[in-house]
Amino acid sequence: MSIIRLEQVVKIYKFGEFELKVLDDITVSIEKGEFVCIMGPSGSGKSTFMNIIGCLDTPTSGKYFLDGVDVSTFNLDELAEIRNKKIGFVFQQFNLLPRATALENVELPLIYSGVPSKQRKDMALEVLSKVGLTERANHYPRQLSGGQQQRVAIARALVNNPPIMLADEPTGNLDSKSSMEIMEIFKKLNEERGLTTIIVTHEPDIAAFGKRQIRFLDGKIVCDSTVCTVEVNP
Amino acid sequence: MIALSSIINIALRALKANAMRSFLAILGIIIGVGAVVTMVAIGSGASEKISSQISSIGSNLILVLPGATTQSGIRMGTGTQQTLTMTDAEAISKECSAVIAVAPAITGTAQVVFGNQNWATGVIGTTPDMVIVREWELISGRFVNEQDVRSGTKVAVIGQTVAERLFGELDPIGKVIRIKKIPFEVIGVLDRKGQSLTGQDQDDIIYVPITTAQRTLFGQTLPGRVRMIYAKASSLESIPQATEQIKTLLRQRHRIGPNQEDDFTVMDLTQMLKAAEESTKTMSILLGAIASVSLIVGGIGIMNIMLVSVTERTREIGIRMAVGAKPKDIRMQFLIEAVFLTTIGGIFGLLLGIGTSFAVASLMDWPISISLFSALIAFGFSAFVGVFFGFYPAYKASTLNPIEALRYE
Ligand SMILES: Nc1ncnc2c1ncn2[C@@H]1O[C@H](COP(=O)(O)OP(=O)(O)O)[C@@H](O)[C@H]1O
Ligand SMILES: [Mg+2]
């Protein structure tokens, strides 16, 4: 059974009379432990796709099975629960709380899963050490470089030990050296823990980390390296 | 379920991060709660004072004074003519069924001396029923009795103030004092009554037999005439009936024709005080209500600040939702922030209110009453204001769409 399966997923944004079909009949499966890179031009629907997988958004129609469970019918509380336990999401803008330290930022998902304060701290410190930031635990985001901030964000995504890691252009705001460090972390996590990883990127050298590449265009998957139905539109 | 301590912690940090703004938001609540506490203290202080006076003058008390009244009130000269007599008092006692006790009185002031102590006080000549009419207990000795009145003995019953001034720590019973240089034996000491409605010390008094007062102390009073008659109605409900009976009887006895005005005045003190009590109660409710408006305005201030805060922290809300905060977690966070603000405001408002009340009490010599109940009400009300005015902003925060919130700049 695939860990992620989308069936005929459609996402439509309405602007009055005008409808914009951002995702057009997407059907795709991703297996446990896969490392997938999503590519495609700006506006092709990559972020929308990621948001639906990450349960931040729901499809207009179609079904989304996560671990075999249809979550497209879930209510807000159930979706929050999934985001908390099953998904680690890393953003291009890092999205750290500016007034909280690195440690407190990493603790955040644990607060919402009801872990007691002492245990929270231990768990957060442990993942911070995994991304090599033990010394920076009490620093605030503005005191950290972009690469370090993104590593805090990865630690936060990891802290609840979710089976799925999603990253929407995680290196978009980073220099190439930091980008490579970040990608190495993702690669290591995927290899060591079998973490199912999906990463959106523009850059081919980043996409090369993926064992599978999916290419979007105008809300459709136009190329998926595993099924090899390469039909790139001119 | 997310731990409450974590939510409180988050709320506290947010408030600290915007200390100045939080303080200004709280200020409205401080002033509101302070105003409510002060106004209620002033209002209930006044009505409590009146209530205690009602019980201290004696319940269901009717006063009969010489001289006429007009519709508009007491006419000039009331009490100057000596139209009431001892026999009037006796007749009221015998014939008015709604009256259970009657005590005529002759009043004056006199210099009183014991040893080298000297004191000017009010002296009232009266009959034994005075203690019943005024519901006045004795703490030692006895009151003037029938025998004293009949034979005009020179005995005196003294109030607490007189006892303190003349005797200090000594036991006054059996001692001889001089009233207008005439020796009187002290036979009783009255219990403490406190201040009257007009602020007079009711314990600064000496009672003597009415006959003795007439013969030896207040010679200017015509024989058989009295300055006023105290009457006690059998119950609160029978006061109007008793008043009517007294009026009819006295008009008969004084031979007042149908078109002539009364030559006396009947005053229902209980009713007057009850009316005063009612109006102070109304006043205190009104004051409290007006002050509550300022608390509501303070609440609107909190709501305003919370709405600004929700908008400003849209991105934070998005981040929290993205990592698993449920709508109710977000709602709770903002609600607790609001309640925290108003509760802090409630505490400081209470202190401000107590301070202001005492200032009013000492500067304006106004009786105040701060009850635990009014403090709890003020406190509870401010927490309620927090929930009420914090709910909408908190609700608004909880309904944000996580993606849009994350995208918010
Ligand atoms: N909330 C929204 N409302 C309206 N249009 C949206 C919204 N979110 C995304 N879009 C539109 O959907 C399209 C796809 O967006 P997105 O998924 O972010 O693309 P990508 O990540 O591939 O650049 C874009 O044209 C974008 O303008
Ligand atoms: Mg995008």
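1. Starting with the interface: in this predicted model, chain B and chain A together bury about 2,200 Å², and 57% of that area sits on carbon and sulfur atoms. On the chain B side, the residues that give up the most area to chain A are B:I319, B:V323 and B:I403, which together make up 25% of what that side buries. As for who takes part, chain A puts 24 residues into the contact and chain B puts in 24 residues.

2. Next, the charged pairs across the interface. Chain B and chain A are joined by three salt bridges. One to click on is A:E104 with B:R13, where the side chains meet at 2.7 Å, N to O. Polar contacts across the interface of chain B and chain A come to seven residue pairs, with both partners at pLDDT 80 or more.

3. Which helices of chain B each supply at least two residues of the side that touches chain A? They are α1 (4–17), α10 (314–322), α11 (327–364) and α13 (402–407). Of the elements on that side, α10(B) gives the most, with six residues. Sorted by class, the side of chain B that touches chain A has 13 nonpolar residues, eight charged ones and three polar ones.

4. A word on how chain B is laid out.

5. Now for ligand 1. It has 13 residues around it, and the closest are A:G43, A:G45, A:K46, A:S47 and A:T48. Why call the site shared between chains? Because the residues that surround ligand 1 come from chains A and B.

6. The polar contacts of ligand 1 are worth a look on both chains. From chain A, a backbone N or O atom of A:K46 is 2.9 Å from an oxygen atom of the ligand, and a polar backbone atom of A:S44 lies 3.3 Å from an oxygen atom of ligand 1. From chain B, B:R407 uses a polar side-chain atom, which lies 3.2 Å from a nitrogen atom of ligand 1.

7. Last, the salt bridges of the whole structure. Over all chains, the search finds 26 of them. One of these is within chain A, where the side chains of A:E81 and A:K85 meet at 2.8 Å, N to O. Both A:E81 and A:K85 belong to helix α2 (residues 76–85) of chain A, and they are four residues apart, about one turn of the helix.

Key: Residues numbered from 1 in each chain as written. Chains lettered and ligands numbered in written order. Predicted model: local features only at pLDDT ≥ 70, side-chain atom pairs only at ≥ 80, totals over all residues. Heavy atoms only, no water. Contact = heavy atoms within 4.5 Å. Buried area = accessible area lost by both parts, 1.4 Å probe. Salt bridge = Lys/Arg side-chain N within 4 Å of Asp/Glu carboxyl O. Polar contact = N/O pair within 3.5 Å; in protein donor to acceptor, adjacent residues only side chain to side chain. Nonpolar A, V, L, I, M, F, W, Y, C, P; charged D, E, K, R; others polar. Near = heavy atom within 4 Å.
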